[in-house]
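Subject: Structure handover

Hello,

The structure is placed below, followed by notes on what was found in it. Please read the notes with the model open.

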Amino acid sequence: SLPTHVTIKEVGPRDGLQNQPAEVATEDKITWINQLSESGCPYIEISSFVHPKWIPQLKDARKVAAGIKRKKEVTYAALVPNMKGLEGALETDVDEISVFMSASETHNQKNINKSIEATFPVLKKVIEEAKQAGKSVRGYVSTVFGCPYEGHIPVEQVINVSEQLLSMGIGELSLGDTVGVANPKQVDRVLTELARHLPMDQTAMHFHNTRGMALANTLVALEHGITTFDSALGGLGGCPYAKGASGNVATDDLVHMLHEMDIQTGISEEQLKNAARFIQSKLSAPLPSHLMQIINRE
Ligand code: HMG
Ligand code: MG
């Protein structure tokens, strides 16, 4: 049976904007995040504290974090790759820290310039220090369903990286279909296998919609009892260090599907639309979500 409530984690201001060719002004990011807060999003990943040469789009993370209006009921998170990133994030007093690594050796190397083995001690320290500072920590594992460089990723690699992160103390695992190659049958098979090893009640799904299968994949994950999903408003998103990556599953499409299925999210579809129109007006191309395509035809 399907859940009656799902938690949506909005990653648009981070995953969505990190791959944008248009430069979005800090003020506009702040306005957009405030609109997302007002829409009832319970969780917003607001930016990342990575190297500004690697992701220039998010070099204003400090200013964004300082400028937004925080709502008590919203969790504000920031992505960090290492201790230097954590120090920046802690200065801004976000609620949660997200760490990330890949189940694929090649993608890990291209994305954070380190082997998987060399990444573990770095993240161990980040997680320890973040928790000591009173922050909860979430851990992403990328390329769970396939890698643009290596192709097939054995599920054992996903289990290994996930178990290590969980043993380091992350509170939630987010499994990434980084380049949107997963199909529903594969999601069924992989989640069945992962459930034998990992705590699925601490597991979220992070689908990208590159090949249009993200909502179908979401349905399969719902049937497996997953109740937390990452998404980006309007379908923005993608990792610049994963060849061929494109947008996350669109928050507006996802929330609409869930509401139509009598699954609650606490998010206002009307307010989401306005937030999507706003950020679209600051970008160089229309947003790709289905709901925005309807609006853009009106
Ligand atoms: P590196 O060059 O190996 O870093 O980059 P380093 O530790 O050797 O340091 C080199 C220099 O960078 C030093 O400066 C450091 O201080 C500086 P110098 O002494 O030479 O003047 N430095 C930093 N500066 C600012 N912020 C920092 C930082 N760290 C070091 N945090 C690094 C390693 C990890 C920094 C780099 O590879 C990087 O920034 N990568 C980020 C890539 C990224 O953001 N990718 C997208 C996010 S992941 C994603 O999208 C997937 C996800 O959505 C899930 C999914 O879809 O699967 C999460
Ligand atoms: Mg992503």
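Strand E5 is mostly covered, with 6 of its 7 residues buried. This is a predicted model. On one side, E5 pairs with E4 in a parallel arrangement through 7 bridges, and Phe-100 has Tyr-140 of E5 as its bridge partner. E5 also pairs with E6, again in the parallel sense, over 4 bridges. In that pairing, Gly-139 is opposite Leu-173 of E6.

Ligand 1

The shell around ligand 1 has 24 residues, and those that come nearest are His-51, Gly-85, Ser-142, Gly-176 and Thr-178. Sorted by class, the shell holds 10 nonpolar, 12 polar and 2 charged residues.

Strand E1

Strand E1 (residues 7–10) is joined to E8 by 4 bridges, and the two run parallel. Ile-8 has Phe-229 as its bridge partner in E8. E1 pairs in the parallel sense with strand E2 (residues 43–48) as well, over 2 bridges. There, Lys-9 stands opposite Tyr-43 of E2.

Nonpolar core

In soluble globular proteins, nonpolar side chains tend to be buried together. Here the largest nonpolar core has 88 residues. Those with the most contacts inside this core are Ile-46, Ala-78, Val-80, Ile-97, Val-141 and Leu-233. Not counting residues up to four places away in sequence, Ile-46 touches Pro-13, Arg-14, Ile-33, Val-64, Ala-65, Ile-68, Tyr-76, Ala-77, Ala-78 and Val-94.

Val-161 in helix H7

Val-161 lies in helix H7 (residues 155–167). Is Val-161 buried or exposed? Val-161 has 25 other C-beta atoms within 10 Å, and is therefore buried. With its neighbours within four places in sequence left aside, Val-161 is in contact with Met-101, Ala-103, Ile-116 and Val-141. As a distance for reference, the C-alpha atoms of Val-161 and Leu-191 are 15 Å apart in space, and the two residues are 30 residues apart in sequence.

Helix H9

Which residues of helix H9 (residues 214–223) are buried? They are Ala-214, Asn-217, Thr-218, Val-220, Ala-221 and Leu-222. The cover over the buried residues of H9 includes strand E6 (172–177), helix H8 (184–194), strand E7 (203–207), strand E8 (228–231) and H10. Just after H9, Gly-225 takes a positive phi of about 90°.

Loop between H4 and E4

Thr-92 is placed in the loop between H4 and E4. Leaving aside neighbours within four places in sequence, the contacts of Thr-92 are Arg-62, Ala-65 and Ala-66. Thr-92 and Val-64 are 28 residues apart in sequence, and their C-alpha atoms are 9.3 Å apart in space.

Asp-93 is found in the loop between H4 and strand E4 (96–102). Asp-93 counts as partly exposed because it has 13 C-beta neighbours inside 10 Å.

Most residues other than glycine have a negative phi. Asp-93 has a positive phi, near 55°. Asp-262 also has a positive value, with phi near 60°. Asp-262 is located in the loop between helix H10 (251–260) and helix H11 (269–280). Is Asp-262 buried or exposed? Asp-262 has 8 other C-beta atoms within 10 Å, so this residue is exposed.

Record annotation

UniProt, in an unreviewed entry, lists residues 6–273 as "domain: Pyruvate carboxyltransferase". In the model, the end C-alpha atoms of this span lie 19 Å apart. The span is 40% helix and 16% strand.

Regards

Terms used. Residues numbered from 1 in each chain as written. Chains lettered and ligands numbered in written order. Predicted model: local features only at pLDDT ≥ 70, side-chain atom pairs only at ≥ 80, totals over all residues. Buried ≥ 20, exposed ≤ 12 C-beta atoms within 10 Å, placed from the backbone. Contact = placed C-beta atoms within 7 Å. Near = placed C-beta within 6 Å. Nonpolar A, V, L, I, M, F, W, Y, C, P; charged D, E, K, R; others polar. Core = buried A, V, L, I, M, F, W, Y, C linked by C-beta atoms within 7 Å. UniProt positions renumbered as here; feature names shortened; annotations may be inferred. Pairing = 2+ DSSP bridges.
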